[in-house]
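Work through the exercises below with the structure open beside you. Try each task before you read its solution.

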Amino acid sequence: MSLVTAKNVSKTYITGDIKIEALKGLSFEIEPASFVSFVGPSGSGKTTILNLIGCLDKPTDGTLKVSDTDISHLNRRMAATFRGENIGFIFQDFNLLPVLTVFENVEYPLLMVQNIPSEERERRVMDLLNAVGMTEQKNKYPDQISGGQKQRVAVARALVTEPKLILADEPTANLDHKTAYMVIDIMRKMKNEFGTTFIFSTHDQKIVGEVEVIYMLEDGELTDRHVRGG
Ligand code: ADP
Ligand code: MG
């Protein structure tokens, strides 16, 4: 069964008299435990499709399913619960909370959505910090670590609730080559170890070369789908 199923998904933004068709009838399926990316120029609709899959916004038309849930019609409260239980996010600018330590940043989603005893929380956070190679920095604050290290913390934070799906909007845009490859490598390991699906948006060739399936977006339309080695 597919993890994400989109049928004729459209999104139109209306601001004043201006109507922008950001997505025009997208249909696709994403399998569990896959590593896929939407690729296209700026303004092609990459962030919009990730926001819809992540229940941060709703399609104007069409249906969108994640697992067995039709997320096209969830109300705000249901969308928030669904997000908390099923989806992790990784952003271009990391979005770590500056007043929290590395450990606390990774622990934070667990405090928000789940009632987990503190020993269990600590175990999960430390396992993930270990997996992304950030144990030694656990008591540092975000402004005391590098960009690549911040993104590794963001990967750990996205995984801590054990979501089925992680959405990463241009996660390597602010990283140099070597660091970007390291972060992508960590994400692939996580995918292999936990069976987590990663959906990226990017125009970064480094990611394009590393994913299994590429969806090409142009002007709100899917123009092509490439499958690597298949
Ligand atoms: P990408 O992430 O590929 O750069 P986006 O999904 O951000 O593209 O944007 C797709 C199109 O939708 C662009 O034309 C953008 O200006 C427009 N758009 C995105 N978000 C909004 C919004 N909240 N209101 C109005 N227009 C938007
Ligand atoms: Mg974008």
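**Exercise 1: The sheet**

Task: Find how many bridges join β3 to strand β9, and say how the two strands run.

Solution: This is a predicted model. Start at β9, which covers residues 213-218. Four bridges join this strand to β3, and the two run parallel. Next, pick out a facing pair: F38 stands opposite Y215 in β9.

Now widen the view. β3 and β9 belong to an open sheet of six strands, in the order β6-β7-β8-β3-β9-β10. The pairing is mixed. Look at the two ends. β6 (87-91) and β10 (221-227) each pair on one side only, which makes them the edge strands. On average, neighbouring strands are turned by 20 degrees against each other, direction ignored.

**Exercise 2: A helix on the sheet**

Task: Which strands does α5 touch where it packs on the sheet?

Solution: Follow α5 along the sheet. This helix touches β6 and β7. Then compare directions: α5 makes about 170 degrees with β6.

**Exercise 3: The cores**

Task: Which residues have the most contacts inside the largest nonpolar core?

Solution: The core has 39 residues. The ones with the most contacts inside it are I90, L129, V155, M187, F198 and F200. Now see what supplies this core. Elements giving two or more residues include the strands β3 (35-39), β7 (165-169) and β8 (197-202). Helices α5 (147-159) and α6 (177-194) are also among them.

Zoom in on M187. Leave aside its neighbours within four places in sequence. M187 is then in contact with F35, I90, V155, P171, F198 and F200.

Finally, look elsewhere. A second, separate core has 29 residues, including I49, L52, V66 and I71.

How values were computed. Residues numbered from 1 in each chain as written. Chains lettered and ligands numbered in written order. Predicted model: local features only at pLDDT ≥ 70, side-chain atom pairs only at ≥ 80, totals over all residues. Heavy atoms only, no water. Core = buried A, V, L, I, M, F, W, Y, C linked by side-chain atoms within 4.5 Å. Buried < 20%, exposed > 50% of the residue type's maximum accessible area, 1.4 Å probe, protein only. Contact = heavy atoms within 4.5 Å. Pairing = 2+ DSSP bridges. Axes fitted to C-alpha atoms, helices over the stretch in contact; angles between N-to-C directions.
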